[in-house]
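Please open the model in your viewer and keep the selection panel at hand. The stops below say what to select next and what is there.

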Amino acid sequence: MDSSCEDVSQTDKKFLENLSGSGKAIGVLTSGGDAQGMNAAVRAVVRMGIYVGTKVYFIHEGYQGMVDGGKHIVEANWQDVSSILQVGGTVIGSARCQDFRTREGRKQAAHNLTKHGISNLCVIGGDGSLTGANLFREEWKGLLQELIEEGKIDEATAHKYSHLNIVGMVGSIDNDFCGTDMTIGTDSALHRIIEVVDAIMTTAQSHQRTFVLEVMGRHCGYLALVSALACGADWVFIPESPPGDGWEDQMCQKLSENRARKKRLNIIIISEGAIDCYNKPITSDMIKDLVVKRLGFDTRVTILGHVQRGGTPSAFDRILASRMGVEAVLALLEASPETPACVVSLSGNQAIRVPLMECVQMTQEVQKAMDERKFAEAVKLRGRSFENNLNTYKSLAHKKPEGEQLPSNFNVAVLNVGAPAAGMNAAVRSAVRTGISQGHKMLAVTDGFDGFIKGQIKEIKWGDVGGWIGQGGSLLGTKRTLPAKNAEAIAEQIRSHNISAILLIGGFEAYLGLLELSAARAKFDEFCIPMVMVPATVSNNVPGSDFSIGADTALNAITDTCDRIKQSASGTKRRVFIIETMGGYCGYLASMSGLSAGADVAYIYEEKFDIRELQSNVEHLTGKMKTSVQRGLVLRNENCSENYTTDFIYQLYSEEGKGVFDCRKNVLGHMQQGGSPSPFDRNFGTKISAKAMQWITKKLSETYRQGRVFANSLDTACLLGMCRRTLVFQPVAELKSETDFLHRIPKEQWWLKLRPLMKILAKYKISYDVSDAGQMEHVDRRLTQDSQNSVAI
């Protein structure tokens with residue numbers, strides 16, 4: 001798609017005219033508690049609204065500003081939302097409003113909105129804010145009638161703005177809103193928690209201490225549960241699944257056993273709303289006193305508090321909020337008087353719309369179930385993702401007593417292949433512990449296929465992977481060697497170590513390696529065993545999966561660097577930065593970091609460009625320098641073009657922009673592969689590996705006949721990937737047709753449809769395919785689908 005295109009397609013042009021011709025403006029407000037990413041949502045609403053030709057108004061200080069009117073309701077322009085993408089909190093303010101709880105207050109708010117021609121509201125907040133918005137919508141006609149009777153508006157105004165459209169975006173770090181996989185701010189809050197936990201671990205190890213960390217979540221244990229999963233905590237307390245009778249003895253025994261295994265620290269995570277099975281509060285001080293009294297361990301309490309709300313939003317939250325902001329504008333402008341108020345959200349990587357009050361009702365049912373001590377029901381109502389998190393945590397945190405687990409007599413090998421990626425160690429830890437809990441003997445292969453060939457294979461036990469979850473790189477070691485040329489040597493190692501199944505964790509080399517191993521079955525029976533691959537690469541270029549372990553960490557590293565680079569231009573002004581990202585021929589990192597960092601353009605291999613487009617981009621930046629935003633950010637995927645290299649683009653921009661702006665270039669290199677894994681990569685790696693081991697156990701059972709394992713069907717050599725909303729096992733042989741082997745990328749890539757968003761938000765006049773806009777789905781139907789699908793993330 002040509003980013004300089006001035007005309008939109010005829011279909012889209014008609015659509016945009018229909019939307020923008022109504023003369024009804026959009027008001028955007030943030031309400032309730034703040035959350036990182038709210039500003040990205042505000043920015044997207046404003047810019048998408050301007051893109052379709054509709055006026056957009058800031059409503060400052062939430063509902064209070066709507067009631068007070070005047071200077072609190074201000075028309076927004078393009079520059080007003082520049083430089084807010086990376087800012088935490090909300091720049092338009094948020095406030096609790098008692099006035100809006102009264103009908104008189106809502107009537108005043110309606111009057112203020114009609115003064116500005118606003119009959120479309122985008123509300124960014126929690127369930128209380130969204131419930132209030134729905135009540136306002138239901139009363140709207142009655143409020144306008146009262147305003148007519150009081151002489152404050154005339155009949156024509158009431159007729160013109162006869163109905164109020166409401167679209168919500170959930171901004172809440174607690175992730176406590178049913179009907180949505182992830183709320184704006186949750187991922188950033190997890191980043192804050194994990195940063196603190198990682199820092200605390202070093203001091204806890206030094207002094208052999210126990211730390212009790214209290215995280216937010218009055219009525220929802222999501223933050224506590226996922227952070228416990230992401231750091232390998234010894235114990236977690238959440239309101240949806242309180243401990244049973246005798247939990248004090250069980251917890252102390254677990255802590256004591258861990259110390260006996262020479263573990264120098266204990267981490268206990270507690271949600272601020274934690275309760276016991278009788279609905280009595282459990283506090284962090286209670287736990288500390290219990291550990292000190294029973295075990296005598298040196299114990300400290302850390303209450304994270306509002307640290308979790310603060311700081312820079314993560315790349316995920318920026319992308320989520322930007323996508324939701326655009327979707328909210330489309331939903332508002334498509335709405336009719338019969339359309340129910342809805343919430344825009346993501347399910348997997350798909351944009352969806354769900355009826356607001358169905359979500360609110362489901363959220364209230366969770367609290368009701370907890371109040372009635374129906375905790376199993378509360379967990380199910382939270383959704384399949386929450387339930388999977390809880391089950392995975394329990395299986396990995398608590399080892400079954402010796403003798404309780406019957407041995408399976410199967411040996412399962414696990415190895416890393418290809419370049420290192422953050423989250424690989426979390427995946428190995430999960431695989432090892434899941435395998436042991438299922439009775440298998442787990443074998444670690446060091447240095448990938450190179451180590452396999454040389455026989456660098458040894459048993460790895462439960463305690464050997466303790467502390468691995470938060471470490472970057474590959475502790476097993478990894479190399480790019482492929483197996484085909486040494487198939488006989490590998491077959492010999494499989495035979496000598498009696499290996500019954502293989503788990504590969506890696507990127508495109510792992511994919512190629514698995515294809516070669518499955519092809520070698522024709523010559524060597526030793527390869528007729530279950531084999532599965534889990535994708536782990538920063539490039540996110542593995543066919544059969546929308547996401548790879550390590551890509552989120554790399555995305556955050558690029559985004560953080562772009563933030564710093566942009567900040568460095570705040571004093572110099574009139575500067576354009578050209579940044580080269582990794583990814584091989586895959587433009588995922590360049591495109592998604594362009595969206596999360598607010599880039600002006602991102603050059604990738606998948607979307608061809610020529611000198612005319614480069615010239616157009618220079619002209620676009622030249623125009624930008626005449627505004628108040630006097631800086632530019634250009635991203636380039638490392639292999640996007642053989643001739644238009646980073647140096648060429650730098651020299652072209654420098655020459656063509658002479659006298660208007662100057663240029664700097666930065667090649668980010670291997671810093672994108674390093675660092676501690678993000679919460680997403682830790683959890684994705686943990687859950688996907690656990691699922692892979694469950695598949696291996698199932699296949700071993702199915703293929704064990706007459707004293708041996710024999711598996712040679714296509715479905716016994718699979719790749720486990722995230723596809724749209726679910727984890728799917730796909731035979732690697734069937735993925736060959738979907739692969740561009742020359743350029744090492746899938747032929748179809750889901751994220752390409754997001755590229756127009758980056759261009760629209762950078763003020764390019766391009767077409768936007770509205771056929772991919774979210775469709776209305778009902779919450780109860782989505783829960784039914786999830787309950788039938790045991791692989792939901």
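The expected span of a helix is 1.5 Å times one less than its number of residues, and the helices (H or I, at least four residues) and strands (E, at least two) named on this tour are DSSP runs, numbered from the N terminus. This is a predicted model, in which local features need pLDDT of at least 70, side-chain atom pairs count only at pLDDT 80 or more, and totals for chains, interfaces and linings use all residues. Residues are numbered from 1 along each chain as its sequence is written, and side-chain values use heavy atoms, with hydrogens and water left out.

**Stop 1: helix H4**

Select residues 103-115, which form helix H4; at 1.5 Å a residue its 13 residues should span 18 Å, and the end C-alpha atoms are 19 Å apart, which agrees. Now colour the buried residues of H4, where buried means under 20% relative accessible area, exposed over 50% and partly exposed in between, with a 1.4 Å probe and protein chains only: they are Gly105, Arg106, Lys107, Ala109, Ala110, His111, Asn112, Leu113 and Thr114. Contact on this tour means heavy atoms within 4.5 Å, and the elements that the buried residues of H4 pack against include strand E2 (56-59), helix H3 (62-68) and helix H5 (127-149). H4 is followed by Gly117, whose phi is positive, near 70 degrees.

**Stop 2: helix H10**

Move to residues 284-295, helix H10, whose twelve residues should span 16 Å at 1.5 Å a residue; its end C-alpha atoms are 16 Å apart, which agrees. In H10, Ser284, Ile287, Leu290 and Val291 are buried. They cover an arc of only 125 degrees around the axis, which puts them on the same side of H10; the arc is that of the directions from the helix axis to the C-beta atoms. An α-helix has 3.6 residues a turn, so residues three or four places apart point the same way. If you show the surroundings, the buried residues of H10 pack against elements including helix H9 (247-260), strand E8 (266-271) and strand E9 (299-303). Gly296, which follows H10, has a positive phi near 75 degrees.

**Stop 3: two helix pairs**

Axes are lines fitted to C-alpha atoms, for helices over the stretch in contact, and angles run from 0 to 180 degrees between N-to-C directions. Select helix H11 (residues 315-334) with helix H20 (residues 588-597), which pack at an angle of about 80 degrees with their axes 8 Å apart. H11 and H20 are therefore roughly perpendicular to each other, given that angles under 35 degrees count as roughly parallel, over 145 as roughly antiparallel, 65 to 115 as roughly perpendicular and the rest as oblique. Ala315, Arg318 and Ile319 in H11 meet Met592, Leu595, Ser596 and Ala597 in H20.

Next select helix H14 (residues 384-397) and helix H23 (residues 679-703), packed at about 75 degrees with axes 11 Å apart, and therefore also roughly perpendicular to each other. Here Ser385, Asn389, Thr392 and Leu396 in H14 meet Thr686, Lys687 and Ala690 in H23.

**Stop 4: loop residues**

Asp447, in the loop between strand E13 (441-445) and helix H16 (448-454), has a positive phi of about 60 degrees although it is not a glycine, and Asp447 is partly exposed, with a relative accessible area of 24%. Finish at Gly466, in the loop between strand E14 (457-459) and strand E15 (478-479); its C-alpha atom is separated by 8.1 Å from that of Gly232, 234 residues apart along the chain.
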